[in-house]
Amino acid sequence: MSRELVLGIESSCDETAAAVVDAGRRILSSRVHSQAEMHAVYGGVVPEIAGRSHLSKILPVVDGALADARIELDDLAAIAVTTRPGLIGSLLVGLSAAKGLAFARGLPLVGVHHIEAHVYAATMEAESFEYPCLALVVSGGHSSVYRANGPLDLVLLGTTLDDAAGEAFDKVAHLLGLGYPGGPAVSKLAESGNPRAIELPRYKSKRTDAPEFSFSGIKTAMLYQVRGQDARAALPPPESIPNRADLAASFEQAVCDVLVGECVRAAEREGLDTILVAGGVACNRRLRAEMTTRAAARGLRALFPSPAYCTDNAVMIAGLGWHAWKSGTSPGLALEAAPR
Ligand code: KG4
Ligand code: ZN
């Protein structure tokens, strides 16, 4: 059996990752080194710390991914690396490592768009699946809906007017005295809360031609719930917030209602019967359940990556990288990184 092994390298934000994937689908290995703990004390990603940490981890992580896959560099067909979007200092670490390895071994080098890779992740584990479909990317930096015509052909349909969904989770986590990253912590607390306990506003887009989100109204309502209306008042200590779990669950429900409503509407408008959901927030259990049932009620299918491939990883880079390599359009060692 011939193999077409691609090594994927990802370092766009605060995860240093490497993976080996065969022919865009079969996952041989996946290593992720998360910097979350290093950034937690600052309540968000510090670019200088991220860049330096990538530098010290990139080669051990790549070595680990090759060892786990039981292969050597010379077994590879190509190397794929995230070139955009992301923190420029972080992207450059992955790109430089990938260029060095590709040059040393005479391997083809392809650049991958981080968001396209998140979307591709949702297709990798599906037994049957066909383009075109709708794709929702919900992460710390993005809340966007695309029409996916193919793995490398995404057309932006709509996006958020303000915060990204993950950003809203992170800010609400701060209000509730939970750590960073906030999504998993809010989600855990929400499990013991009542999602209907607290009334929160849902953004209703007036657009009939494209999806549109907004999370600032929900966020402000949460602030008033926790702190009261007095802008000079300090945030109360977490233990004195009596209904924290209900607040977390109601917030999560409100965000899900907005995301699911807009996606189902957009899929029907575009005549698409599958909704791919990707990015860190796609780990969220309530979102997975709500999207699945409400899509099914309209005869649509929702597809998600396994949680490990929702957050930043290199499996999605190696997977989509195989398609990019096959398309034969990469500038190779002339590749450049770009923050946007
Ligand atoms: O895709 P990702 O790992 O990084 C970016 O490219 O942004 O997404 C990270 C985001 C963070 O905002 C984090 O709070 C959120 O995904 N997140 C979650 C959950 N797990 C991670 N949000 C809600 N529920 C979760 N279970
Ligand atoms: Zn991401």
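**Zinc site, nonpolar cores and aromatic pairs**

His118 is buried, as is Asp312. In this predicted model, both residues belong to the protein donors of the zinc ion (ligand 2), together with His114. Along the sequence the donor residues follow the spacing H-x3-H-x193-D. Because His118 is part of helix H4 (residues 114–124) and Asp312 is in the loop between strand S10 (301–303) and helix H10 (315–327), this pair ties together parts that lie 194 residues apart in sequence. The arrangement around the zinc ion (ligand 2) is irregular, because the angles subtended by the four donor atoms run from 92 to 144°, whereas a tetrahedral assignment would require all angles to lie between 85 and 135 degrees. For reference, the ideal angle for four tetrahedral donors is 109.5 degrees.

Helix H10 also contains Val315, which is buried at a relative accessible area of 1%. Val315 and His118 are separated by 197 residues in sequence, yet their C-alpha atoms are 9.7 Å apart in space. Beyond residues up to four places away in sequence, the contacts of Val315 are Ala19, Val21, Ile27, Ser29, Ser30, Met124 and Tyr309.

The largest nonpolar core comprises 50 residues, of which Phe251, Ile275 and Met291 touch the most other members. Two or more residues each are contributed by strand S6 (133–138), helix H5 (165–175), helix H6 (182–190), helix H7 (216–227), helix H8 (244–270), strand S9 (274–278) and helix H9 (285–296). The greatest contribution to this core, 15 residues, is that of H8. With residues up to four places away in sequence left out, Met291 touches Leu136, Leu259, Val260, Cys263, Ile275, Val277, Ala302 and Phe304. A further core of 28 residues lies apart from this one and includes Leu7, Ala65, Ile79 and Val81. In soluble globular proteins, nonpolar side chains tend to be buried together.

The cysteines were examined for disulfides, and the count is zero. For Cys256, the closest cysteine sulfur is that of Cys263, and the separation of 11 Å is too far for a bond. Cys256 is buried, its relative accessible area being 2%. For Cys310, the closest cysteine sulfur belongs to Cys283, at 4.4 Å. This distance is likewise too far for a bond, because a disulfide requires the two sulfur atoms to be within 2.5 Å. Cys310 has 0% relative accessibility and therefore counts as buried.

Three aromatic pairs are present in the structure. One of them, formed by Phe129 and Tyr131, is edge-to-face, with 4.8 Å between the centres and 80° between the planes. Phe129 is partly exposed at a relative accessible area of 21%, and Tyr131, at 24% relative accessibility, is also partly exposed. The rings of Phe213 and Phe215 form a stacked pair, because their planes meet at 20° with the centres 6.1 Å apart. The members of this pair are both buried: Phe213 has a relative accessible area of 0%, and Phe215 has a relative accessibility of 1%.

Definitions and conventions:
Residues numbered from 1 in each chain as written. Chains lettered and ligands numbered in written order. Predicted model: local features only at pLDDT ≥ 70, side-chain atom pairs only at ≥ 80, totals over all residues. Heavy atoms only, no water. Buried < 20%, exposed > 50% of the residue type's maximum accessible area, 1.4 Å probe, protein only. Core = buried A, V, L, I, M, F, W, Y, C linked by side-chain atoms within 4.5 Å. Helix = DSSP H or I, 4+ residues; strand = E, 2+ residues; numbered from the N terminus. Contact = heavy atoms within 4.5 Å. Donors = N, O, S within 2.8 Å, 3.2 Å for Na, K, Ca; no water. Tetrahedral: all angles 85-135°; square planar, octahedral: opposite > 155°, others 65-115°. Phe/Tyr/Trp six-rings, centres within 6.5 Å; stacked < 30°, edge-to-face > 60°.
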